[in-house]
Amino acid sequence: MIEVLAPAGNKEKLMCALHFGADAVYLAGKSYGLRAFADNFDRDELREAVQIIHSRGKKMYVTVNIFAHNKDFIGLAEYLKYLESIGTDGVIVSDPGIIALIKKETNLTIHLSTQANTTNKYSAAFWAEMGIKRIVLARELSLDEIKEIRDHLSPEVELEAFVHGAMCISYSGRCLLSDFTTGRHGNHGECAQSCRWEYAIHEKSRDGEYYPIGEDGRGTYILNSKDLNMAAYIKELVNAGVTSLKIEGRIKSPYYVAGVVNAYRRAVDHFIKTGDDFVLPPYIQRELELLSHRKYCTGFYFGGKGEQCYETSKPEQKGVFAAIVTAEAEGGFIVEMRNRFKVGDTLEVIAPDDNNGKRITITQMTDGEGNTVLDANKVQQKLFIRSDVNLKPSDVLRLNMEE
């Protein structure tokens with residue numbers, strides 16, 4: 001089985017991930033995960049999340065992947081037991097001390113985080129001997145190296161790899177730049193993404209004089225990586241032995257989660273249908289181009305050249321998140337507005353069914369009191385849109401700026 005593994009930074013993103021076909025989601029509680037600025041889930045929300053996920057036959061993995069200091073172990077055993085009690089399918093961990101605690105106190109399935117930097121078959125075999133069920137590989141591996149690791153391990157040990165999203169310029173995320181520039185601890189989930197900033201050289205005796213590191217006056221982005229996109233290479237990933245395709249983005253928008261999961265679900269299904277004849281359909285690549293992203297690359301999978309982005313750190317976005325469907329309604333549907341649109345605008349549908357790609361011209365909108373709305377400009381306003389297209393909750397509408 002090929003698993004499409006999606007990020008879920010909060011309940012809305014969780015529902016989008018499931019709606020658009022994720023086989024599993026990874027998320028975090030309020031502590032111990034590496035995305036402190038995602039909304040994350042409190043204990044009651046974790047219980048509710050796993051119930052929703054299991055009711056759909058999917059799986060939930062919880063990140064407990066901080067680089068732990070002594071104080072971080074206070075209350076950790078009790079939290080791990082709670083995760084086990086609610087039916088968590090796996091915990092994602094990087095710290096050997098936490099792994100030892102999990103094995104001592106629970107029977108939780110352990111997934112080794114990418115931040116453990118597993119880059120060779122001998123390390124992978126060591127972790128397998130320690131009872132690790134799944135290894136989330138370091139992002140710095142080529143497909144040939146992954147294949148060698150796969151061949152060295154017993155079949156019951158699974159391999160997971162990142163296939164899409166932002167990449168860290170540091171080695172699999174082991175970075176202190178955010179700590180030094182902002183005091184926000186990247187390895188405790190608080191990264192400020194200082195690597196995306198523009199830099200220049202300043203000689204301290206020459207006040208006000210800055211020297212761009214690049215060839216022009218705009219500065220340069222020597223630490224800025226491109227975004228990963230492996231949708232066209234599902235066949236190569238599977239042939240190398242990867243069974244879980246991990247999408248980055250717990251702090252991205254529901255629109256981003258919807259679009260990327262929709263694309264990878266369709267890509268994997270197309271691969272299952274076509275096998276060695278797999279070629280990524282152009283409409284899937286178009287979907288990924290419309291989402292917010294920096295220039296795409298294939299990371300280290302084919303050798304790693306060209307993964308830096310020297311021109312700019314700003315992402316491009318050709319599709320604008322207009323609204324998310326919250327309910328079906330007679331003669332149309334109800335949405336929650338996210339970006340401005342007006343009567344007369346044409347919105348494009350993102351959906352997991354045949355409605356995907358359809359266009360809806362807005363002819364009539366009303367608010368919760370039945371008042372006519374001509375210009376949807378109040379963020380998160382609930383609106384009824386009249387349409388003969390039968391959209392479902394978690395479907396997404398966007399403005400296509402290409403047109």
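This is a predicted model: local features need pLDDT of at least 70, side-chain atom pairs count only at pLDDT 80 or more; totals for chains, interfaces and linings use all residues.

Trainee: What separates a pocket from a cavity?

Mentor: Rolling a probe the size of a water molecule over the atoms shows where empty space is left. On a 1 Å grid over the protein atoms alone, a cavity is a set of points where a 1.4 Å probe fits but cannot get out; a pocket is an open set with protein on both sides within 12 Å along at least five of seven lines, and lining residues have an atom within 4 Å of a point. Points are joined across faces, edges and corners, and the volume is the space filled by probe spheres set on them.

Trainee: How many cavities of 30 Å³ or more does the search find?

Mentor: It finds 2 in the whole structure. The largest holds about 40 Å³ and is lined by Leu-137, Ala-138, Arg-139, Leu-141, Ile-146, Ala-161, Phe-162 and Tyr-301. That lining counts 7 nonpolar residues, 1 charged and no polar.

Trainee: How much of the chain counts as buried?

Mentor: Buried means under 20% relative accessible area, exposed means over 50%, and partly exposed lies in between (1.4 Å probe, protein chains only). Of the 403 residues, 54% count as buried.

Trainee: Which residues touch the most other members of the largest nonpolar core?

Mentor: Such a core is a set of buried Ala, Val, Leu, Ile, Met, Phe, Trp, Tyr and Cys residues joined through side-chain atoms within 4.5 Å. The largest here has 96 residues, and those touching the most other members are Val-25, Leu-27, Val-62, Val-64, Leu-83, Ile-135 and Tyr-264. Helix H9 (residues 254–274) gives the most to this core, 11 residues. A second, separate core of 22 residues includes Val-320, Ala-322, Val-389 and Leu-391.

Trainee: How many helices and strands does the chain have?

Mentor: Helices (H or I, at least four residues) and strands (E, at least two) are DSSP runs, numbered from the N terminus. This chain has 10 helices and 21 strands.

Trainee: Where is Thr-118 found, and what is it in contact with?

Mentor: Thr-118 is in the loop between strand E5 (110–112) and helix H5 (121–129), and it is buried because its relative accessibility is 0%. Contact means heavy atoms within 4.5 Å. Leaving aside neighbours within four places in sequence, the contacts of Thr-118 include Leu-112, Trp-127, Ile-135 and Leu-141.

Trainee: Which value does phi take at Asn-117?

Mentor: Most residues other than glycine have a negative phi. Asn-117 has a positive one, near 60°. Asn-117 is also in the loop between E5 and H5, and it counts as buried because its relative accessibility is 18%. Gln-380 has a positive phi too, near 65°. Gln-380 sits in the loop between strand E19 (375–376) and strand E20 (382–386), and with 47% relative accessible area it is partly exposed.

Trainee: Is Lys-246 buried or exposed?

Mentor: Lys-246, in strand E11 (residues 244–247), is buried, because its relative accessibility is 5%. Among the residues it touches, not counting those up to four places away in sequence, are Leu-5, Tyr-26, Glu-160 and His-164. By contrast, Val-279 is exposed at 58%, in the loop between H9 and helix H10 (282–290).

Terms used: Residues are numbered from 1 along each chain as its sequence is written. Side-chain values use heavy atoms; hydrogens and water are left out. Ala, Val, Leu, Ile, Met, Phe, Trp, Tyr, Cys and Pro count as nonpolar, Asp, Glu, Lys and Arg as charged, and the others, Gly among them, as polar.
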